[in-house]
Amino acid sequence: MTFPPRLASRPAAAPAAVVTGDRYRIMVLDAGLLRLEYAADGVFEDRASTFAVNRNLPVPDFRVMETSTHLTIVTERLRLTYDRGPFTTSGLSLEVLGGVSAYHSVWRYGQSPDDLGGTARTLDDRDGAVPLEHGVVSRNGYAVIDDSHSFLFEPDGWVSADHVDRTDLYVFAYGHDYAAALRAFYAVSGPTPVLPRYALGNWWSRYYRYTADSYLELMDRFRAEGIPFSVSVLDMDWHLVDVDPAHGSGWTGYSWNRDLFPDPAQFLRHLHAKGLRVTLNVHPADGVRAFEDAYPAMAAALGQVRNGDGDGDPIAFDVTDPAFLAAYFQVLHRGLERDGVDFWWLDWQSGPYSRIAGIDPLWMLNHFHFLDNARADRRALTLSRYAGPGNHRYPVGFSGDTVISWASLAFQPYFTATAANIGYGWWSHDIGGHFFGARDDELATRWLQFGVFSPIMRLHSGNNPFIAKEPWTFPAHIEAIMTRFLRLRHRLVPYLHTMNHRAATDGLPLVLPLYYAHPDADAAYQVPNQYQFGTQLIVAPVTEPADRTTGLAAVAAWLPPGTWVDVFTDLVYDGEREIHLHRDLETVPVLAPAGALVPLDAAQVPGNDPVNPGHLELLVVVGADGSFDLLEDDGTVEGPVARTPIRLAQDPGILRIGPVQGAGGTVPDVRSWTVTFPALAPGIEPVATVDDVPVPARIVREGTRTSVVVEAVPSSATVRIILGDRPLLGDNNVHQRVFAVLDRAQIEYVTKARVMECITTAPSLSVRLSRLQALDLDPGLFRAVGEILLARSDGGA
């Protein structure tokens, strides 16, 4: 391919959007987004920056008013007042219009925004929280991105750090319309690409000295155990690491270790045949040394003279040299890709500095690796650390080597969700942690459960033979839980891939803080570890050990208005309340509102390669109208997208699926559907039709669930499941659920009997609670029983 590859950009704003003077320039990029520039020499920058690649946007309505002393710009969202001089706190201010609750909504130049946070470059070596950089949303309505020191992209695709003497700010003023702020961010900085579908499955990663045979045996063992993986991550030891000290360390390497992998191409073919994609870890900082297989070709490409004995000086890693970078891809990596490497794990840990001040090597690696991987109309992928605003264009993010601890796990849900505030939606964590810490089977299980409900699910272990993540290395009950959740991740891919497309087209990442949907609810800001997981689910990961008395872990949560069903337990809750949710190790709180529609792969043991399934299961929560469009594609960038509309009409009690719209050939011509209704009230007899003709359907009732199985439906047909008028959710079977909590509690049997007597004989909910309070129960047990009693306003029967 031509080097350097070019990032599509339109960096010059429409002239009608520009207000300018001798030393200032203001761009009205959107009703809530201004670009503010000041340059003492009056020279302004129209090249794309690392953050801003598209300033040519539709011009919003705005007014400009000038007096002898000030300039004022007004849109429907903001009012800017400026004295036309050097930017100062007193001379430049912006008021957010439209009402931002009771919060102060005037920004002044130089004032550090009190925004809701963005993300951070890495979690390397951290045990718990790290400070976050700025995002583009805040409770007081404004936020700022300072683009003054970013390097720039030339029209030919190369980069430059020849900054003029400039101040370059982007001020976001969207009040509490956080989704609009994020859309404006993407409009200027470019959309999030659609990830390859396989990236949404499980990734196996371990820093371990595998051989080709032992690795293939491991993949066969996973398959035999019914544990799917879609990505194989080969850490350091794929390449030579024990090198002559004269060459430096073995961290950087590009030559297969033939003692471990005698035939790399064959090894990779075997992995591909098993439905796996492959990424290799690279630490490029040490350049290319003379022992590397590709050294002669690299030296020739760069005109570097070798010594007479065939040795030669190291070829320095230099991202500021376009000749080196061209050879880095076209010589050094291309041969390994011909062996079968699908994408690269860029493990850059060597700081933000290069031979040219202002050029960050991590930025360069992310940018050019992603563009290089995008050739041939395939969906591109990299795995690398975050380098700053705009890095969402190069997914996915590697959050670094974290310490194995509850504190690390407790920070990751908040860290992941808050990254949406800077548009960074595809974090990949070391699920289970990288190093240090101590063996803790409960922690490992809870971390894996969070991984299943995080953007990228990549199990990982550091270079220690005792740190293992294979489920069978844990006790049998832990193994069973881990296996079930790993299978669930692959079953979720139809839902995840639809959200993958949504992130690219609608500008809303898979994982979002609750305050995006409920910006004026103070409680939405008080549960930082709870998040939206796509359009249909809310997740509250368990990040603390279980209570010793109850055996249940507690999670502080907030349920938004409406009715909610836990998709694991089928417990039904009334919303608009703070609550503690209690779960045993088998489950984690994943809540769906009435009207939710969640498509899953119906296979209980999915395969490695998460292709468009021939049999789908659809979770349907009755109680409100629902709408969902299932999106599927053929894996190419320009390829067609098939849309399957799914609609739930609550009043008539009818669910409609299909027909497929658009690229019907992208999905199976004939597909079976299992429609599962969690917590459906008893007595409802579903009827199935295909194109309005009644068809035989298998009805399965298991506990609190009812499923309808309709087989072999053409993709061009419409399936209807008819439940009858206004179908209801069932009661919570309070007696049974409380008995289960008491049965496992480590307390006196007499106390258990007294609690159960209160539950079964008290005439009202208030009396039940008062009698329970009088028993002076362990606080954890009292809260766990109270959760069940109070889940519904009527006591849940």
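Tutor: A polar contact is a pair of N or O atoms within 3.5 Å, where one must be able to donate a hydrogen and the other to accept it. Please keep in mind that this is a predicted model.

Student: What makes the pairing of the side chains of Arg458 and Asp430 a polar contact?

Tutor: The side chains of Arg458 and Asp430 come to 2.8 Å, and the cut-off is 3.5 Å, so the pair qualifies. The side chain of Arg458 also has a polar contact of 2.8 Å with that of Ser428.

Student: Where is Arg458 found, and why is it called buried?

Tutor: Arg458 belongs to strand β21. Its relative accessibility is 0%, and buried means under 20%, so Arg458 counts as buried. Among the residues that Arg458 touches are Trp203, Val233, Leu383, Phe398 and His429.

Student: How do you know that the length of helix α8 agrees with its number of residues?

Tutor: Helix α8, residues 441-452, has twelve residues, and at 1.5 Å a residue these should span 16 Å. The C-alpha atoms at its ends are 17 Å apart, which agrees with that expectation.

Student: Which atoms come together at the start of α8?

Tutor: There, a side-chain oxygen of Asp440 lies within 3.1 Å of the backbone nitrogen of Glu442.

Student: Why is α8 called roughly parallel to α9?

Tutor: The two helices pack at an angle of about 10 degrees, and their axes are 9 Å apart. Angles under 35 degrees count as roughly parallel, so α8 is roughly parallel to α9. The residues of this contact divide into nine nonpolar, three polar and two charged. Leu448 and Val452 are among those that α8 contributes, and Phe485 and Arg489 are among those from α9.

Student: How do you know whether Asp125 and Glu576 are buried or exposed?

Tutor: Exposed means over 50% relative accessible area. Asp125 has 54% relative accessibility, so it counts as exposed. Glu576, at 58%, therefore counts as exposed too.

Student: Why is Gly351 called partly exposed?

Tutor: Its relative accessible area is 26%, which lies between the limits of 20% and 50%, so Gly351 is partly exposed. Gly351 sits in the loop between β17 (343-346) and α6 (361-373). Arg121, Asp360 and Pro361 are touched by Gly351, leaving aside residues up to four places away in sequence.

Student: Which peptide bonds are cis, and what are their omega values?

Tutor: Most peptide bonds are trans. The bond joining Pro395 and Val396 is cis, with omega about 15 degrees, and Val396 lies in the loop between β18 (382-384) and β19 (397-398). The bond from Gly658 to Pro659 is also cis, with omega near 0 degrees.

How values were computed: Residues numbered from 1 in each chain as written. Predicted model: local features only at pLDDT ≥ 70, side-chain atom pairs only at ≥ 80, totals over all residues. Heavy atoms only, no water. Helix = DSSP H or I, 4+ residues; strand = E, 2+ residues; numbered from the N terminus. Expected span 1.5 Å × (residues − 1). Axes fitted to C-alpha atoms, helices over the stretch in contact; angles between N-to-C directions. Parallel < 35°, antiparallel > 145°, perpendicular 65-115°, else oblique. Contact = heavy atoms within 4.5 Å. Nonpolar A, V, L, I, M, F, W, Y, C, P; charged D, E, K, R; others polar. Buried < 20%, exposed > 50% of the residue type's maximum accessible area, 1.4 Å probe, protein only.
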